[in-house]
Amino acid sequence: MAHYFFSEEHEAVRRTLRRFVEKELAPHAEEWEKAEYFPDWVFRRMGELGFLGLRYPEEYGGQGGDLFMSIVFFEELARSGIGGLPLAMLVQTEMVPPPILQFGTEEQKQKYLAPTLKGEKIACLGITEPNAGSDVASIQTRAVREGDRWIINGRKIFITNGVRADFILLVAKTEPSKGHQGFSLFFVDKRTPGFTVSRKLKKVGMACSDTAELLFEDCRVPAENLLGEENKGFYQIMWELQGERLFGAVGAVAGAQHAFERALAYARQRIQFGRPICEFQVIAHKLVDMATEIEAARQLIYATTWKVAQGEYPVKEISMCKLVAAQVSCRVADAALQIHGGYGYMMEYPVQRTWRDVRLNRIGGGTDEIMKEIIARSLGI
Amino acid sequence: MVAVARWLFQEEHEILRKSIRSFVQKEIVPHVEEWEEKGEFPAELFLRLGELGFLGLKYTEEYGGSGEDYVADAVFVEEMARCGSGGVHAGIGAHAHLATPPVYKFGSEEQKQRFLVPAIRGEKIGALGITEPNAGSDVSALATTAVKNGSHYVVNGSKIFITNGVRADFIVLAVKTSPRAGHKGISFLLVEKGTPGFTVGRSLAKLGWHPSDTGELFFENCFVPEENLLGEENQGFYYIMQNFQWERLVLALGAVSAAELALEEALRYARQRVQFGKPIGKFQVIRHKLADMATVIETARCLTYHALSKFVRGEDAVTEVSMAKIVACEVHNQVADEALQIHGGYGYMMEFPVQRYWRDARIGTIGGGTTEVMKEIIARRIIKD
């Protein structure tokens, strides 16, 4: 067994996923990267195969597995070498479904959760705004109650899956005078009048995940689209972010592992000064540093996931996972590029893509600096 | 009177700096986005720089230069790097700092008239061809051969990662003339565009440096007249090593200057971006980050100037130049990375220039000798084994 936490069942899913990624995703890497897009069928196909609901209850189209199934999922997806794809799937499986499952009504679960897990509906989560990035509490998007509807006005930015999503789970201010206690979450369906995708943003990496700027102008949504209790939105989001960060960390380490494997393969076959460059002590030690950092980050994540699986809410450890994994992914990808020498700078070698892709890890889902703020607070500072 | 900011410079250098800076601001900066998008910059820029005399600062007047002033040339490098496009800087740099110096130093009078004079005017574009698919860090593994056949050399082989390679009018080409003599069997030939048997492949797509062309060159029974031999036969490795000192200084100078530009961009953003009710530049972590960036830039700059001054005085500067190349290029990466981080989500967006600074910086610790190769050189000189 690969690890104490993984059973034969996990390993069977891992094998299936690996075959799927190798056969159905990896061959398209270059094409999708160039197009800065991957087709919608990927969501449907992965839903059909049950991959999107591995850890969710069967009654909503899930497979009934545990949290470690999600780890297997993100570890295997990273092997596609397409950073934007796991990112899109992080939204689809770990950012939108948990709050619906936790806070939603039965009707909302049937309408939004089940089709998301089956890949029939593409989901996105709307938190960040042009002037509210790290400072989540400064969100300006406003929802005002009018009879049996909410009228929403505002802008969201950097929304992954935002261009093609069938619905958005949106954070808006419902009680402006109440600070943190004045936010709520809403479902907004695509094609609701007043809701438009204003721009598709171009990024330095994660090219094939779509990133949108969204605009809400007198957008009316029915009262039943409120998720959970009114004015509990900030807490719901803080809760949601824990899963996003933990599984984002899994993806970051898996991306690092992918870059490491490529660097190792290159160092074995590249000959300079009459021998493979991996036989030079400096390169060998560089590879050792990479492997060691990856292993340490991975074990921190596994141990933290175990705590979560025990019902704990380990915010400090999750923030540490996110911080370490993001930094390790960038350091490892950078060393992998360096080992490739001049070829590392060429677009035809995938290592430059991983280098660009993983850079988002230190920004998205809470920057390194925000993680440190959280950890500092949890230390009582 | 123009104030002299640094011990290395004279008043005339600061006057030159002002004029290059205003040229770069007026004639390059406004086009950078467009040239980045297109992946090229117009050849007219070479002509314009030639016209202004900037391509001949380190060459004597008889060839159209303006005196052998390497410090003036350093000013040119620093100010060109501030255009904000590593690729434009690289294309001009490969011509002015890689291709023309060996012709000036080792060329015959006739070669200088044919190649150097028009290159200084910007009428002919040059490239330096050393790296091959299987000879990167290991220069002595060059496999492109030149075999004497009557009054010609017959060249066979290929080159890769050649900046300006696609559009160059001439290549200063490293070839093996004595294939079994290792690094003692390397010579330089001047190969003109259009020589039968010399073809140029595609321009390679790169992570950064988009407007500079990076060529793959192929030589198949390419006949090069013997008078195109540069300097002496089998002295090429020595010429390469000589030229590397200036090339590495240029890379270090450009890295420091570009790092400074990234810092300025980060400062501007930190002052205007408001989160948690105040500009992020008011948060201690961001302030200390910016202070770290300024400090490592200053350190790299001082080391680079020290190496430059030794080089200018004609002293052995190999250790210092190698150190400066490492420090400046590592600092450039580090500063560009922090500048991107300070920009948060916007740093990841193509519409902000900081992502380009970050991509452009990344070639620094690879091109012109990797950091690892620099350390080998320093180690050999300090360990003396």
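Modeller: Phe161(B) sits in strand β3 of chain B, residues 152-163. Strands here are DSSP runs of E with at least two residues, helices are runs of H or I with at least four, and both are numbered from the N terminus. The model is predicted, so local features need pLDDT of at least 70 and side-chain atom pairs count only at pLDDT 80 or more, while totals for chains, interfaces and linings use all residues. Residues are numbered from 1 along each chain as its sequence is written, and chains are lettered from A and ligands numbered from 1 in the order in which they are written.

Is Phe161(B) buried or exposed? Phe161(B) counts as buried because it has 24 C-beta neighbours inside 10 Å. The cut-offs are simple: 20 or more other C-beta atoms within 10 Å means buried, 12 or fewer means exposed, and anything in between is partly exposed, with C-beta atoms placed from the backbone.

Now look at chain A. Asp218(A) also has a positive phi, about 45°, and is not a glycine. Its place is in strand β7 of chain A, residues 211-222. Asp218(A) counts as exposed, because it has 11 C-beta neighbours inside 10 Å.

Go back to chain B. Ile171(B) belongs to strand β4, residues 170-176. Ile171(B) is buried, since 27 other C-beta atoms lie within 10 Å. Beyond its neighbours within four places in sequence, Ile171(B) is in contact with Ala127(B), Gly129(B), Val191(B) and Leu217(B). Contact means that the C-beta atoms of two residues, placed from the backbone, lie within 7 Å. Thr100(B) is 71 residues from Ile171(B) along the chain, and their C-alpha atoms are separated by 9.9 Å.

Take Val335(B): leaving aside neighbours within four places in sequence, it is in contact with Ala259(B), Ala262(B), Leu263(B), Met293(B), Val296(B) and Ile297(B).

Follow α7(B) to its partner. It packs with helix α8 of chain B, residues 284-312, at about 160°, with the axes 10 Å apart. That angle makes α7(B) roughly antiparallel to α8(B). Axes are lines fitted to C-alpha atoms, for helices over the stretch in contact, and angles run from 0 to 180 degrees between N-to-C directions. Under 35 degrees counts as roughly parallel, over 145 as roughly antiparallel, 65 to 115 as roughly perpendicular, and the rest as oblique. α7(B) passes α8(B) in a left-handed crossing. Left-handed means the near helix is turned anticlockwise from the far one by less than a right angle; right-handed means clockwise. Among the residues in this contact are Leu249(B) and Ala259(B) of α7(B), with Met293(B) and Ile297(B) of α8(B). By class, the contact holds 18 nonpolar, two polar and two charged residues. Nonpolar covers Ala, Val, Leu, Ile, Met, Phe, Trp, Tyr, Cys and Pro; charged covers Asp, Glu, Lys and Arg; the others, Gly among them, are polar.

Chain A has helix pairs to look at too. The axes of helix α8 (residues 233-269) and helix α10 (residues 315-339) of chain A come within 8 Å and cross at roughly 20°. That makes α8(A) roughly parallel to α10(A). The crossing of α8(A) past α10(A) is left-handed. Their contact divides into 21 nonpolar, five polar and three charged residues.

Helix α4 (residues 67-77) and helix α5 (residues 84-95) of chain A pack at about 160°, axes 10 Å apart. That makes α4(A) roughly antiparallel to α5(A). α4(A) passes α5(A) in a right-handed crossing.

Finally, the two chains meet. The contact takes 26 residues from chain A and 28 residues from chain B. On the chain A side, helix α11 (residues 341-344) gives the most, with three residues. That side has ten nonpolar, ten polar and six charged residues.
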